[in-house]
Structures are given as structure tokens and as C-alpha cells.
Amino acid sequence: MSSQTPTPAHMLAESMLSRRFGNETVNYFSSTDMKRWQHVWNSTTNFRTGSPINRLSFLRGDHAFLSAALTHPSTQYLLLNNLAPLTRSPAEVYYAKYDDVRNLVPQNTFDQSEEEMIKGFDSRNTHATLIFLGLDESRKDGSLMYKAYSGVPFFAVDVTPKGSVAQRAAAQDIISAMEGKGLSFFQTRVISTFTADEAAIYAQARALMDWNTRNTFCGTCGHRTLSVNAGTKRACPPTDAARTSEGQSEERPECNTRTTLSNLSFPRTDPTIIVAVVSADGKRILLGRGKRFPPKWYSTLAGFIEPAESIEDAVRREVWEEAGVTLSRVVIHSSQPWPYPANLMIGAIAQCSAAAHEKISLEHDPELEDARWFEIEEVEEALRIGASDLGSGPLPEYKGGLRLPPATAIANQLISSVVNADYFQGEKSKM
């Protein structure tokens, strides 16, 4: 299994659920390599996710902790320039140190409490977005120790030249210094070359940075917002020192984001279904072609979940709208965070209950260029020979010719599960 395909320890751990439903499927952008966590998985003292870092969300408001983490010698900074990560190569992220970013990220960033930051808000003062990502607790030597927690802190910082003159200059200096070392900001539509570890960290950083960038102004009242909670919340302050010539804070108009929980203040995730559809006899799989797909490239069907709609109903609706096929049973398979910009791909496997429901029609939603039923044997061959990135150039021909998404895509995992009959045979059947 490649380093791009996650295999965390919990994926192979045996339990009553795993014996009944089989091993969990873990997708790219969401997890890390098994060996890295094997030594801590046996511990019952700490919570572990699939990511190489523990997000420790409850410490995002602890400014004493954040101040200590900010300048700690072990701290790693993921730099993003227009959302492109700094890399040594397309396969390796480069993590900067505090000395590299000190002119853009002041040492006193967390000297004030969140309440003091909001009270003293001045919209004329701009700051580079800084996000605390978490601690890598597997790395102990020389790491930060704080209360019951220890590990290497990870931050993401936006080095895009913008904001005040001083901020733009500091950001440009960092970019020039990094490029002078032979590093570069990796510009590509979708990243699939990082290891599972780095892909999970990058996905978290990119999604949060993109959300901060899109919400510098309040969607309710239109005024400038303030990044708080270590980059994972934006506040619409009730006062602004920039509103008066004397520099004294003046009240802003009322805004309901200050009095209620609001998705304008917290990052949002957009749920999306993606589904491998199986014929009634279990011998064929339905795949579709987008209008901009490369030749012979097919994938599973997908679409956004609408408000007040269940996952299962969204699967049935999208498949009927796009391909005219009517589904019966729908089973949730796995999920994949997709940070472009902030989707959660909810993977499913579904089946038609009768051959009469399998007739394809593209006359409803014209999103697809084509949809077809493929024999399992042809799909199995394509998984072995014809898997490729959507952006890949011309690929060698082979007898079958069908092209499928790579293993880093949840679509590949769904198709593989059907081909391997994971959901259809034996005591672990889930259908």
C-alpha cells in the first residue's frame, strides 16, 4: 500500500463492530500512516483521531498555551500563499520555524485575551491569518509540554501579500526568502502527491485558511470581522476604534452574529454524497462522465445534500436526477474531507432492486455527458491498470480502456469495495 493511502492503527483493530461490518475504510486527507500511531494506539489515556496531530480544540482559547506554542523551538509552520502550500517538492511539505515568520507573526500575538482583542478592535489594523492546527503527540524529544499535553505544535500562516503596507512587505520577504532556498508554493488544482500524514495536515490548514479568507467581512452586517479562537472562529466586534477620528471605540450597528450561534462565525462544512451504484444482480456498476473529464475517464456519481434532506434520500435523488436510475437500499461506506474548499464527501453504496429500475436517462439534469453500466470484470481491470488523476495527461492505452479515479479519491475506494464484494458476501455482509 502506498504512503498516499492511509492505514491508521484503528483501521485494523478488532472489535465487535469490525467483526460484524469489516474493517473501516479511511480515505486520503483524513488520516495517517499506521506505524506512526501503533505505539500509542494501545494507550487508553489519550484520544486519537486519524490525523497525525491532536487538534486540542479546547486549548484554542488558552492564550498562555498558544503564546508558549507560538515561539517554541519545535513548532512547525505550514505556509500558504494564496492557499498553495510551501513545499520542497510536489511530494514533500516544508515546515518553517518561528524565526522565519516572526516579522509577520508578532511574538505578542496572544498576549491579550479574546475578550480584550474584541474590545480593542480597530479595523485599520490588519494581521496575517494564523491558525493553530494541533500537537503531534508522537514526537516527544524537545517538544512543548503544557499541563497534561506534550508534543510538537503545528500552525498554519497565510503569507499571501495583502493587508497593510507593512504586512504585505513582511509576507513578500518571507516568500522571497523561502524561494531563495529552492522551495516553492505548490500550485495545482488538487493535491494527491503528499503522504497521508501531510495530506491530513494540509487539508485542515487549507480548509480553515480558505474559510477565514472568505469571511473577512460579516455576512450579516457587512463590517470587517476579527479572527479569534486561534483562527477557528471569526467575531463581528460590537465596537471599532476606526469609526472615530479620535481613535475611541464607537459602537457598530447591531448584528445577530453576536447574540446567537451562527455559521457566519464558525467554519462550515458542506456535505456531499458520492455513490457507487450496483445493478440488481450485483454484476454491474453505474459510472458517469462529467463534461470536462479526460477521454474514457468515468467515476461514481456525486452531488450536494440539500437542506432538510437525509443522506440516503440525497443519494437516491442525485442518482435519479443525473442518470434516471431508481435506487432501493443505500448503505453508508466511509467519508472523505475534501478541502476544495470545505466539502465532506459522504461515500455510499446503493443498489437497484429490479432490472426495470436500471434504465439510464440523461434527460433530467444535464450535468453528465454520459452514464453507463460497466461489468464488474472491466471495472476490476481498470482499477489495476487504468486508475489515474483527473488532471493526468495522455496515458498508455490498454485493452479495456476504461479510466478510473486514483486510490487517493473516495470514488476509487467505493468502486473497489463493490469489485471486492465487501458489502455482499459472507457473515460481514452489510446489505
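Trainee: Helices here are DSSP runs of H or I with at least four residues, strands are runs of E with at least two, and both are numbered from the N terminus. Where is the place of Ala-308 in that scheme?

Mentor: This is a predicted model, and in it Ala-308 is found in the loop between β15 and α9 (311-323). Its phi is near 60 degrees, a positive value in a residue other than glycine.

Trainee: Is Ala-308 buried or exposed?

Mentor: Ala-308 has a relative accessible area of 92%, and it is therefore exposed, since exposed means over 50%.

Trainee: Which loop holds Lys-147, and what is its phi?

Mentor: Lys-147 belongs to the loop between β6 and β7. Its phi is positive, near 55 degrees. Lys-147 counts as exposed because its relative accessibility is 68%.

Trainee: Then which residues does a cis peptide bond join?

Mentor: Tyr-340 and Pro-341 are joined by one, with omega about 5 degrees. Pro-341 sits in the loop between β16 and β17.

Trainee: Changing topic: how many residues are in the largest nonpolar core?

Mentor: That core has 34 residues, and Phe-65, Tyr-77, Leu-79, Leu-104 and Val-157 have the most contacts inside it. Elements giving two or more residues to this core include α4 (63-70), β1 (76-81), β7 (149-158) and α7 (165-180). The largest share, 5 residues, is from α7.

Trainee: What does Leu-79 touch?

Mentor: Leaving aside residues up to four places away in sequence, Leu-79 touches a set that includes Pro-85, Val-101, Val-157, Ile-174, Met-178 and Phe-185. There is also a second, separate core of 24 residues, with Leu-80, Leu-133, Ile-191 and Ala-205 among them.

Trainee: How many residues of α11 are buried?

Mentor: Helix α11 (residues 410-419) has 10 of its 10 residues buried.

Trainee: On to open space: how much lies in the largest pocket?

Mentor: About 1,300 Å³. The largest pocket has 40 lining residues, and Arg-189, Phe-293, Trp-297, Trp-338 and Leu-390 lie nearest its centre. Two or more lining residues come from each of β13, β14, β15 (301-304), β16, β17 and α11. β15 gives the most, with 4 residues.

Trainee: How does that lining divide by class?

Mentor: It has 21 nonpolar, 13 polar and 6 charged residues.

Trainee: And how much space lies in the second largest pocket?

Mentor: About 1,000 Å³. Its lining has 41 residues, and Asn-125, Thr-126, His-127, Ala-128 and Leu-226 are the closest to its centre. At least two lining residues are supplied by each of α6 (114-119), α7, α8 (196-214) and β9 (226-228).

Trainee: Which classes make up the lining of the second largest pocket?

Mentor: That lining divides into 13 nonpolar, 21 polar and 7 charged residues.

Notes
Residues numbered from 1 in each chain as written. Predicted model: local features only at pLDDT ≥ 70, side-chain atom pairs only at ≥ 80, totals over all residues. Heavy atoms only, no water. Core = buried A, V, L, I, M, F, W, Y, C linked by side-chain atoms within 4.5 Å. Buried < 20%, exposed > 50% of the residue type's maximum accessible area, 1.4 Å probe, protein only. Contact = heavy atoms within 4.5 Å. 1 Å grid on protein atoms, 1.4 Å probe; cavity = no way out; pocket = protein on both sides within 12 Å on 5 of 7 lines; lining within 4 Å. Points joined across faces, edges and corners; volume = space filled by probe spheres on them. Nonpolar A, V, L, I, M, F, W, Y, C, P; charged D, E, K, R; others polar.
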